[in-house]
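Please examine the sequence and the structure shown here before reading the report.

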Amino acid sequence: MRKKITFLGSGNVGSTAAMRLAELDLADIVLVGGVHEGMSAGKALDMDEASPLEKHHSRISGYTNRYTDTEGSDIIVISAGVARRPGMSRDDLLFTNRDIVHSLVKKVVPGSPDAILILVTNPLDAMCHVALEASGFPRNRVIGMAGVLDSARFATFISRELNVSVENVCAFVLGGHGDTMVPLPRYTCVAGIPVTELLGQERLDAIMERTRNGGSEIVSLLKVGSAYYAPACAVKEMCEAILKDKKKIMPCSAYLTGEYGIRDLFVGVPVKLGSDGIEDIIEVSLTGEEHEALERSAESVRTLVRIIRGMDGKKPDSPAGSGPRPRAQTRVKRIRDEVIGQGTCIPK
Ligand SMILES: NC(=O)c1ccc[n+]([C@@H]2O[C@H](COP(=O)([O-])OP(=O)(O)OC[C@H]3O[C@@H](n4cnc5c(N)ncnc54)[C@H](O)[C@@H]3O)[C@@H](O)[C@H]2O)c1
């Protein structure tokens, strides 16, 4: 039987990833969502009509607000939500996207109780918490896409700097998806050679800074919307690793239960992806400084999770939209001001 991947959100990331996955001929594709009636159906039909040219056999269908065809999905990719606009941080998206992710997960999970959820919607790590709790799935089946994209950006910048093939670069990024992410040059290699042997600290610092701001750089160029080509490729890589049971080690947002000294929190770490989703979490040794950076990154995720949970005194699986939004926004600002006042790093 053919596998099935559902995309909740058929915007830029969802539809681009759907097309790339259809071309792999690994699964049928269902697109759900769209800003107006017919958007997902139209995109799906357009993609389907490319199948004789791309020579794949994936069936692609699309719906605005119907979930019956998502039943029996092997993977559900969630990229529904509001994308960032210039000057808007990922965290500003917190409440709108929380409600969207929560309600979509509740709609699809009964029909696909064995699916693996891949979250894309920002703020990523916090949305993983919403999906984990709304789905009731075990932690191996709720995965956040961020590190694959962040490490691809890191690898791109290194390869351009050294004028070597991107295939030579194996880049390593830890931490939450935000400006506190932790690129790790010590574990980053170029054809097996540690990048620290090839680039001086000053250049490496500049590349790491550009990697941390990779999303914002594209947002400020696009003016409308945010990056989607590379994010869609990252989603494709993860789905392929799962569907082909590759057991591939990739940096993903995973729910930690003590790994890296972090408990009950989604943070980006290297994981082994296979048919069971996250089949292992790989712990590497960190220097004191690297560990502090990871802990700072984790703290910014923790803050968002606390805010989500505190906004209406309930956990994130409270009914979507139950919290009074204006009051909640004020509360975010107050909590953020408090945290910044304590010197904790919050992603902007
Ligand atoms: N994790 C990452 O690394 C990463 C990378 C890129 C984008 N993102 C995030 O992914 C999300 C999507 O980005 P995009 O560029 O595709 O945005 P987009 O605006 O092109 O698409 C978002 C889609 O969500 C749909 N949507 C909104 N509310 C919905 C609802 N209630 N039900 C169903 N669908 C709904 C919209 O109709 C739209 O089609 C954003 O939150 C963005 O910040 C994350």
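The report below covers the model, the ligand shell, a sheet and a pair of helices.

## The model

This is a predicted model, in which local features need pLDDT of at least 70 and side-chain atom pairs count only at pLDDT 80 or more, while totals for chains, interfaces and linings use all residues. Residues are numbered from 1 along each chain as its sequence is written.

## The ligand shell

The ligand is surrounded by 32 residues, of which G11, V13, G33, A80 and N122 are the closest; a residue is near the ligand if its C-beta atom, placed from the backbone, lies within 6 Å of it. Two or more shell residues come from each of α1 (12-24) and α4 (94-108). Helices (H or I, at least four residues) and strands (E, at least two) are DSSP runs, numbered from the N terminus.

Domain 1 (3-144) and domain 2 (147-307) each contribute at least three residues to the shell; the domain bounds come from an automatic or database domain assignment. By class, 16 shell residues are nonpolar, 15 are polar and one is charged. Ala, Val, Leu, Ile, Met, Phe, Trp, Tyr, Cys and Pro count as nonpolar, Asp, Glu, Lys and Arg as charged, and the others, Gly among them, as polar.

## The sheet

An open, antiparallel sheet has three strands in the order β7-β10-β11. β7 (169-170) and β11 (193-194) are at the edges with a single partner strand each, so one side of each has no neighbour in the sheet. Strands pair if DSSP finds at least two bridges between them; β10 (residues 189-190) and β11 pair over two bridges. C189 lies opposite P194 in β11.

## The helix pair

The axes of α4 and α5 (residues 124-135) come within 9 Å and cross at roughly 30°. Axes are lines fitted to C-alpha atoms, for helices over the stretch in contact, with angles running from 0 to 180 degrees between N-to-C directions. α4 and α5 are therefore roughly parallel to each other, a term for angles under 35 degrees.

Conventions
Angles under 35 degrees count as roughly parallel, over 145 as roughly antiparallel, 65 to 115 as roughly perpendicular and the rest as oblique.
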